[in-house]
Amino acid sequence: MMQSYLLNRGFLVSGSSSFSDWLELSGILILCVIMIAASYFVTKFIGKKQMGRQKNGNFKIIEVCSVAPGKNLQLIKTGTRYLVIAVTKDSVTKLIELSEEEIILNIEEEKKQVSFAEVFAVFSGKQNKKEEKDKES
């Protein structure tokens, strides 16, 4: 009796082919892949759009100093002025305005490019052995 009730309601399908089951499963999987790919490309597009706005804007974050969890001091450049602001979870407060002479920017003129092989040699200990052999020679 219960089986006939479920059969009439569509819960039990007698004689269903395995081909149609696989077809339905593959359709669902293809739909999931399409949804994931679409969300990836939309996120990438929105990210590029946001980066374009930040590069062309008048605001630039120069430095951030974390004071406590969720509480930061930020040095920002707005046009030609430099401001120090306090940023918390709930508020943003202007603390002080600085002149360009008061700012010490840490700009490295040349950043040394380090290859992965050099870093790996240092951490694997091969660099130390090589330096010892060079000193002995």
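Trainee: K94 forms a salt bridge with which residue?

Mentor: This is a predicted model, where local features need pLDDT of at least 70, side-chain atom pairs count only at pLDDT 80 or more, and totals for chains, interfaces and linings use all residues. Residues are numbered from 1 along each chain as its sequence is written, and side-chain values use heavy atoms, with hydrogens and water left out. A salt bridge puts a side-chain nitrogen of Lys or Arg within 4 Å of a carboxyl oxygen of Asp or Glu. For K94 the closest N and O atoms are 3.8 Å apart, and the partner is E97.

Trainee: Is K94 buried or exposed?

Mentor: Buried means under 20% relative accessible area, exposed over 50%, and partly exposed in between, with a 1.4 Å probe and protein chains only. K94 has 51% relative accessibility, so the class is exposed.

Trainee: Salt bridges that share partners join which residues into one network?

Mentor: K94 bridges to E97. E97 also meets R81 in a salt bridge, at 3.5 Å from N to O. The network is R81, K94 and E97.

Trainee: How many residues apart in sequence are the parts that E97 and R81 tie together?

Mentor: Strands are DSSP runs of E, at least two residues, numbered from the N terminus. The E97 and R81 side chains form a salt bridge. E97 sits in strand β4 (residues 92-98) and R81 in strand β3 (residues 81-87), so the linked parts are apart by 16 residues.

Trainee: What is the relative accessible area of R81?

Mentor: E97 is partly exposed at 38%. R81 is also partly exposed. Its relative accessible area is 41%.

Trainee: How many salt bridges does the rule count?

Mentor: One joins E97 and R81. Another joins K94 and E97. The count is two.

Trainee: Which residues does T78 touch, not counting those up to four places away in sequence?

Mentor: T78 is in strand β2 (residues 71-78). T78 is buried, with a relative accessible area of 17%. Contact means heavy atoms within 4.5 Å. The residues touched are N58, F59 and L83.

Trainee: What distance separates the C-alpha atoms of S91 and K71?

Mentor: S91 lies in the loop between β3 and β4. S91 is partly exposed, at 33% relative accessibility. S91 and K71 are 20 residues apart along the chain, and their C-alpha separation is 9.7 Å.

Trainee: How many disulfides does the rule count?

Mentor: A disulfide is a pair of cysteine sulfur atoms within 2.5 Å. C32 is partly exposed at 40%. C65 is partly exposed at 41%. The disulfide count is zero.

How values were computed. Helix = DSSP H or I, 4+ residues; strand = E, 2+ residues; numbered from the N terminus.
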